[in-house]
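Let's take a walk through a structure together, one piece at a time. Have the sequence and the 3D view ready, and turn the view as you read.

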Amino acid sequence: MKRHHAVVRITHWVNAIALTVMIGSGLRIFNAYPAFARRGESFCCYPFERTPIPAKLTFGGWLGGARNWHFAMMWVLVVNGLVYLAFIYLHGEWRDLVPRRGIVRDSREMIKFYLNARKDHPKQGKNNALQRMAYFSMPLVGVMAVVTGIAIWKPVQLAPLTDVLGGYVWARYWHFWAMLLLVILTIGHVFMVFTVDPYSIPSMITGKYNEDLSPEARNARPFVHLLPQHHDDAPTV
Amino acid sequence: MTMRPPSEEPQPAASYRGHAAERLGIDRRRFLLASGGAIGALALAACDSQGPRSAQKLLKLAERKNETLERALYRHTSIDAPPAGALPAGQHFPSYFVSHEVPTWDDSARGAWKLEVGGLVRKPVQLSLADLASLPRIGYKLDHFCVEGWTAVATRTGVRLADLAKLVGVQPGAQYVDFQSFDDGYHESWDIDSAMHPQTLIVYAQDGHYLNPAWGAPARVYSPVKLGYKNTKYLTKIMFLPDRNGGYWSDRGYEWYGGV
């Protein structure tokens, strides 16, 4: 039994690439005018107006190059996202990804465990409560990024959409926030993969996963019990 | 009715057969380190670059497909209206040109300024500023959408290009319009649909005053359905053409369509 279906594995990595290019090129576009204020106005809600993002974090080389990447890769992101959502809906994977009743209590147990206030790893199935929330939010924020993106791409031809978001200036701000949330979710995800369950990386490539090395089996929290030989240890002191 | 699924699920008994890489004798940690390093190196090499050269063809293809979609999406009835509370940029409106200094029309050297409207038309005309000002005048408070991401609000006053097109009798074969200038060869060509939008104006006044040289005097094209760079300032010629004719920024890598 594979841990992740091939469709999930492929869309995961396509998404990783598409999202990286979208964020890098988006930041390069942002740097052409690293502010939200309309000319002649000030903007309430961004503390770094007119401070560019470090060029090393951007992609595209210049505004035109970044725009060309952004407007091409957006189709990869959208089509890949739709394939993923359609697949997990039809194939049933969504059941492991939506929050279920008891999510608050289950999340509290996970946090208690990570803070060392609980000794044994809670057993919550393929995805624990925190993972469910993260993997459920990711597509939602993705939709937010796409919708706000369309609103600032076509603020006149699709004016009703842009207006719903508060006009062009605010739609651009919400687009920036969608990017920030995606970055935060991704950093959290990658941090947990490398510090808690690096053995899940092959499972996202080949689909194979060894349950003996699962975080539950190793009783692993970030940086603790990372190595397989700990897996039948008693809880740490 | 859904039952509350059990929170504590039984764990399947897994038999450990070892990962393929391990059977091949590749140490897991070393593999992770190496692949992480490779990904990091790739990412660093990509930073701040334009990406692989071979991708440029694909990007061009995407731009053409996007243009097809954007032209299908285009409606004459889609009208720009800045939010009620938006302040006009006034003196904060940026000045932009490609010459080394502000382009100004020197009457003594080049004769009186005229705007030539020609190409695939029955009656080409040459209009002085006074001629333009005597044509049906229209003013809109409009957003300006710059390719860089900023917007600015200004009241633009001038003549609808659709009215000028009636005046000169545009022929059916004219599918594109090229807007040319005396700003060091700056020009941009448009699709005819965008040019005939009711808010596409040949502007000679901004915020109630004749244009000053910093903003494109004596006349410029302005439409909220196009990004700023498509809106040629310092106009000299409006040519109705059977084919597209590129543009200053379109030839340098910005999208030719530049629709908003």
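**A walk through two chains**

Of the 237 residues of chain A, 32% count as buried. Before going further, keep in mind that what you are looking at is a predicted model.

Let's stay with chain A for a moment. What kinds of elements does chain A have, helices or strands? The answer is seven helices and zero strands. If you follow the sequence from one end to the other, the pattern reads α-α-α-α-α-α-α. Among the contacts in chain A with a separation of 6 or more, 60% are between residues 24 or more positions apart.

Next, zoom in on a pair of helices. Two packed helices are described by the angle between their axes and the distance between the axes. In chain A, find helix H2 (residues 63–91) and helix H4 (residues 129–153): they pack at an angle of about 145 degrees, and their axes are 11 Å apart. The crossing of H2(A) and H4(A) is left-handed. Which residues make this contact? From H2(A) come A:Met74, A:Val78, A:Gly81 and A:Leu85, while H4(A) brings A:Pro139, A:Gly142, A:Val146 and A:Gly149. Sorted by class, the contact of H2(A) with H4(A) has five nonpolar and three polar residues, with no charged ones.

Now move over to chain B. Here you will find seven helices and ten strands. Chain B has 260 residues, and 33% of them count as buried. Taking the contacts in chain B between residues at least 6 apart in sequence, 70% join residues at least 24 apart.

Some of the strands of chain B come together in a sheet. Five of them form an open sheet with mixed pairing, in the order E2-E1-E10-E5-E6. At the edges lie strand E2 (125–127) and strand E6 (187–191) of chain B, each of which pairs on one side only. From one strand to the next, the twist averages 15 degrees. Look at strand E5 (residues 176–181) of chain B beside E6(B): the two pair in the antiparallel sense over five bridges.

B:Pro136 has its place in the loop between helix H5 (129–134) and E3 of chain B. Is B:Pro136 buried or exposed? B:Pro136 is exposed, because it has 9 other C-beta atoms within 10 Å, and a residue counts as exposed at 12 or fewer. Leaving aside neighbours within four places in sequence, B:Pro136 is in contact with B:Val159 and B:Asp163. The C-alpha atoms of B:Pro136 and B:Gly158 are separated by 8.2 Å, although these residues are 22 residues apart along the chain.

Finally, bring both chains into view. Where they meet, 52 residues of chain B are in contact with 48 residues of chain A. On the side of chain B that touches chain A, the elements giving two or more residues are helix H2 (28–46), helix H3 (56–73), strand E3 (138–145) and strand E4 (151–160) of chain B. Which of these gives the most? That is H3(B), with six residues. By class, this side of chain B has 29 nonpolar, 13 polar and ten charged residues.

Note on methods. Residues are numbered from 1 along each chain as its sequence is written. Chains are lettered from A and ligands numbered from 1 in the order in which they are written. This is a predicted model: local features need pLDDT of at least 70, side-chain atom pairs count only at pLDDT 80 or more; totals for chains, interfaces and linings use all residues. Axes are lines fitted to C-alpha atoms, for helices over the stretch in contact, and angles run from 0 to 180 degrees between N-to-C directions. Helices (H or I, at least four residues) and strands (E, at least two) are DSSP runs, numbered from the N terminus. A crossing is left-handed if the near helix is turned anticlockwise from the far one by less than a right angle, and right-handed if clockwise. Two residues are in contact if their C-beta atoms, placed from the backbone, lie within 7 Å. Ala, Val, Leu, Ile, Met, Phe, Trp, Tyr, Cys and Pro count as nonpolar, Asp, Glu, Lys and Arg as charged, and the others, Gly among them, as polar. A residue is buried if 20 or more other C-beta atoms lie within 10 Å of its own, exposed if 12 or fewer, and partly exposed in between; C-beta atoms are placed from the backbone. Two strands pair if DSSP finds at least two bridges between them.
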